[in-house]
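The tour goes from one selection to the next.

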Amino acid sequence: MDSWAFASGSKFPPLTPGKLRLYSMRFCPYARRALLILKAKSIDHEVVNINLKHRPEWCKDVLPAGTIPVLSQDDKLISGSMPIAEYLEEAYLQTKPMMPADPYLKARDRSFLDVALPTANVVVSIMMRRGSVEDNWDNFLRKIPLFEKELVCRSTPFFGGPTPGFVDYVVWPTFELARALSAAQATPKMPSSESFPRFSSWFQRMREDSVVRAVINEHHTEIFVQSFDGHSRDFNAGLH
């Protein structure tokens, strides 16, 4: 996962027959959804990181929509973080199921994700400096009660129950990126534990989760965020 990004002029890395490959970018919150599910389910795979500023010429052949993540296996290509995450859950159901077996509980999770996942777009806008940082951050903070309320309703430490599940891993990259932005820029600040005790407890537990720690290097994320000025960015942050 912490491999150097392929850039313009790079040769296409040969495929291994039958092996899953994820085309990714180390700090992309959407790609991290897939990476966390792959790790949580212990699915054998390889990662090819892409320099999104200076893309390899072969990107047009493996990124159908021009975006990451993309999951490939032989001649199969799947684009988009949620289609990939759901495919991994269904195709590898025998390997640590991440979603509830009960149809109602599964539908409840999907309904929650419908309103929760767009929070990522707000945080990405802050990183990309689209519009006012203050307005976007206020918009982000206005979404936190949604997560607090859901955790209160479920009365469990994680959205998935006593341990992290599918919902936890696909929403976490949003909050890790928000944390890195807050840490790197000093302001704005993350939600307070006094205002959102359930969310804050969940947030700390997720930071300490073994799957999260194996996939995400917080310090490297902060370096990447600091390198991002809207025109240039260090896709190999922390590897120099």
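Select α6 and α7 in this predicted model: the two helices make a left-handed crossing. Helix α7 covers residues 166–185, and its axis comes within 13 Å of that of α6, at roughly 140 degrees. The pair counts as oblique because of that angle.

Next, show the side chains where these helices meet. On α6, pick Trp137, Phe140, Ile144 and Phe147; on α7, pick Val171, Phe175, Ala178 and Ser182. By class, this contact has seven nonpolar residues, one polar and no charged.

The crossing of α4 and α6 is left-handed.

Now select the residues of this second contact. From α4 come Arg108, Asp109, Phe112, Val115 and Ala116, and from α6 come Leu146, Phe147, Glu150 and Arg154. They divide into five nonpolar, no polar and four charged residues. Phe147 of α6 belongs to the contact with α4 and also to the contact with α7.

For the last stop, go to Ser81 in helix α3, which covers residues 81–91. Is Ser81 buried or exposed? Its relative accessibility is 8%, so Ser81 counts as buried. Leaving aside residues up to four places away in sequence, Ser81 touches Tyr30, Arg33 and Pro69. Show the side chains of Ser81 and Arg33 to find the polar contact of 2.9 Å between them.

Terms used: Residues numbered from 1 in each chain as written. Predicted model: local features only at pLDDT ≥ 70, side-chain atom pairs only at ≥ 80, totals over all residues. Heavy atoms only, no water. Helix = DSSP H or I, 4+ residues; strand = E, 2+ residues; numbered from the N terminus. Buried < 20%, exposed > 50% of the residue type's maximum accessible area, 1.4 Å probe, protein only. Polar contact = N/O pair within 3.5 Å; in protein donor to acceptor, adjacent residues only side chain to side chain. Contact = heavy atoms within 4.5 Å. Left-handed = near helix turned anticlockwise from the far one by under 90°. Nonpolar A, V, L, I, M, F, W, Y, C, P; charged D, E, K, R; others polar. Axes fitted to C-alpha atoms, helices over the stretch in contact; angles between N-to-C directions. Parallel < 35°, antiparallel > 145°, perpendicular 65-115°, else oblique.
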